[in-house]
Amino acid sequence: MFGSWNWTGAILLLCLYPVLFVMYFILENEVKPGKNVILHVTFSYADLADPQLRQICGTFKKKLKRALWILAALPLPGLFLTHVSLAAAVLLNWLIPVLLWPGFLCVRCRKKLLARKRELASDRPGDPQDEDLCWIGGIFYYNPDDPYILKGPGRGSAFNSTVNLARPLGKVLAVFGLVGLLILPFSSLYMVGEEFMPLTCRLENETITVRHVWQECRIPLSEIEEMQVLCELPALRRVWGSSIGEVRKGKFRVEGYGDCMLYLQSQEGPFLLLRTEDTTYLLPWEQELAKVWQARQ
């Protein structure tokens, strides 16, 4: 399972790694000394000298830095996984704690900030800090009284503009974001299934049925015009389809044979080339297909 350096995993990590550091520096900036808006909780400038308030911010920064180093180390073993799908699964699922762990720390810290604010009695009627309660965990903005969809950065905040989740469009965008987060584990499971689930070619009712993650195709024997055995896999280029590890599944441009539908889980021959009137297939050499080929010789 573990072996030499996985370059596919390295490229994927290079693309995803900045997310972690962007999250860290944005949240770390939110508790900088001298700012009276901390995680969208507004204090008076006199309150900033409060020792307990400074302690809350200092503890948050320590926990955030600890999370940074742990999360930075978590995906590194994926670079040495020999299977591309496993390396991709590790890195894609790594994004979930990268997004949730700092968010969880932010929510807990903000809860303490709001409690300390009430103790300091720094609220004033009509002050902009009344809007503090419209921020959920200091991350999501929900204000039914705000008619605007977009909410700009708060005073002293590093957060970019966000959407008002109280508006219909804001709810739609939130659902899309949640769906995108849930897709990560399912997409990684699909990739692992593509690489590890056995690809089978069976003869059923005078029809060759190819199954992998699900049923891929059916080729009636009556439609086959030519069958040919290939000892080696020719040079090919993907048009569309899967190319995970040694799996080649989908439409590929095969040297000497044009566009073919490939259903292969290994690049070691032999292979069986089938031609119908409108499609050319390249399948693995399996016992049942060998019987079909022998019967046609």
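Student: I'm starting with strand 13 (residues 258–264) and strand 15: do they run parallel or antiparallel?
Tutor: Strands here are DSSP runs of E with at least two residues, helices are runs of H or I with at least four, and both are numbered from the N terminus. Two strands pair if DSSP finds at least two bridges between them. Strand 13 and strand 15 have 2 bridges, and Met261 is the partner of Tyr281 in strand 15.
Tutor: Residues are numbered from 1 along each chain as its sequence is written, and side-chain values use heavy atoms, with hydrogens and water left out. Local features need pLDDT of at least 70 and side-chain atom pairs count only at pLDDT 80 or more, while totals for chains, interfaces and linings use all residues, this being a predicted model.

Student: Which residue of strand 15 is the bridge partner of Leu274?
Tutor: Strand 14 (residues 271–275) pairs with strand 15 in the antiparallel sense over 5 bridges. A hairpin with 4 residues links these two strands. Within strand 15, Leu274 has as its partner Tyr281.

Student: How many residues of strand 15 are buried?
Tutor: Buried means under 20% relative accessible area, exposed means over 50%, and partly exposed is in between, using a 1.4 Å probe and protein chains only. Strand 15 covers residues 280–284 and is largely enclosed by the rest of the structure. The buried count for strand 15 is 5 of 5.

Student: And which residue of strand 13 is the bridge partner of Gly250?
Tutor: Strand 12 (residues 248–254) and strand 13 run antiparallel, joined by 7 bridges. They form a hairpin with 3 residues between them, where Gly256 in the turn has a positive phi of about 90°. Strand 13 is mostly covered, with 5 of its 7 residues buried. In strand 13, Gly250 pairs with Leu262.

Student: Are helix 2 and helix 3 roughly parallel or antiparallel?
Tutor: Axes are lines fitted to C-alpha atoms, for helices over the stretch in contact, and angles between N-to-C directions run from 0 to 180 degrees. Under 35 degrees counts as roughly parallel, over 145 as roughly antiparallel, 65 to 115 as roughly perpendicular, and the rest as oblique. The axes of helix 2 (residues 51–73) and helix 3 (residues 84–120) come within 10 Å and cross at roughly 175°. Helix 2 and helix 3 are therefore roughly antiparallel.

Student: What about helix 1 and helix 3: how many nonpolar residues does their contact have?
Tutor: Helix 1 (residues 7–30) and helix 3 pack at about 0° with axes 10 Å apart, and are therefore roughly parallel. Among the residues that meet are Leu12 and Tyr17 in helix 1 and Leu91 and Leu95 in helix 3. The contact has no charged residues and 2 polar ones, and its nonpolar count is 19.

Student: Within what arc do the buried residues of helix 5 fall?
Tutor: The buried residues of helix 5 (residues 287–296) are Leu289, Ala290 and Val292. The arc is that of the directions from the helix axis to the C-beta atoms. These residues line one face of the helix, so their arc is within 160°.

Student: Which exposed residues sit on the face of helix 5 turned away from its buried side?
Tutor: The buried residues of helix 5 pack against several strands, including strand 14 and strand 15. The face turned away from them carries Gln287, Lys291, Gln294 and Ala295.

Student: Is Asn205 buried or exposed?
Tutor: Asn205 lies in the loop between strand 7 and strand 8. Its phi is near 55°, a positive value in a residue other than glycine. At 75% relative accessibility, Asn205 counts as exposed.

Methods. Contact means heavy atoms within 4.5 Å. Ala, Val, Leu, Ile, Met, Phe, Trp, Tyr, Cys and Pro count as nonpolar, Asp, Glu, Lys and Arg as charged, and the others, Gly among them, as polar.
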